[in-house]
Amino acid sequence: IPKVMASSKTLATEIVLSNATTLAWKQTQEYTPRLLHVGKKVDSLVTCTLDEEGKVVYHKDQWNHKDYSHEGLGKVMKTLNGDYLTGVTRPPKDL
């Protein structure tokens, strides 16, 4: 995100579900693209399903009450984010 966005700010966060198998939260982010320099506020509902060891096995992020687009640019962004960005943004192995 830092290469595309001039800034990304978390404006609000609210936990809506937390148990042994599911974490879900609402958040409001403001993204400012490098080229446009105009902030865009996005409301998200993020849901993570966990395995027995607490590792994420499923992640869903809905923006502005909409599911991912599975066509066109939405599909490209989802594929890049899910298949390639994870290799760049891995947490340290000691976590």
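Reply: Start with one pairing. Strand 3, residues 40-50, pairs with strand 4 in the antiparallel sense over seven bridges. Keep in mind that this is a predicted model.

Me: Which residue in strand 4 does Ser44 stand opposite?
Reply: Trp63. Further along, Val46 has Asp61 of strand 4 as its bridge partner.

Me: How many residues lie between strand 3 and strand 4?
Reply: Five, and the two strands form a hairpin. In its turn, Gly54 has a positive phi of about 85°.

Me: Other direction now. How many bridges join strand 2 and strand 3?
Reply: There are 10, again in the antiparallel sense. Strand 2 covers residues 22-33. Lys26 has Leu45 in strand 3 as its bridge partner.

Me: And what sits between strand 2 and strand 3?
Reply: Six residues, in another hairpin. His37 is in that turn, with a positive phi of about 55°.

Me: Zoom out. What is the strand order in the sheet?
Reply: The order is 1-2-3-4. The sheet is open, has four strands, and its pairing is antiparallel.

Me: Which strands stand at the edges?
Reply: Strand 1, residues 5-18, and strand 4, residues 56-63. Each has a single partner strand, so one side of each is left without a neighbour in the sheet.

Me: By what angle are neighbouring strands turned against each other?
Reply: On average 25°, with direction ignored.

Me: Last one. What do strands of a sheet pair through, in general?
Reply: Backbone hydrogen bonds, in either a parallel or an antiparallel arrangement.

Conventions
Residues are numbered from 1 along each chain as its sequence is written. This is a predicted model: local features need pLDDT of at least 70, side-chain atom pairs count only at pLDDT 80 or more; totals for chains, interfaces and linings use all residues. Side-chain values use heavy atoms; hydrogens and water are left out. Two strands pair if DSSP finds at least two bridges between them. Axes are lines fitted to C-alpha atoms, for helices over the stretch in contact, and angles run from 0 to 180 degrees between N-to-C directions.
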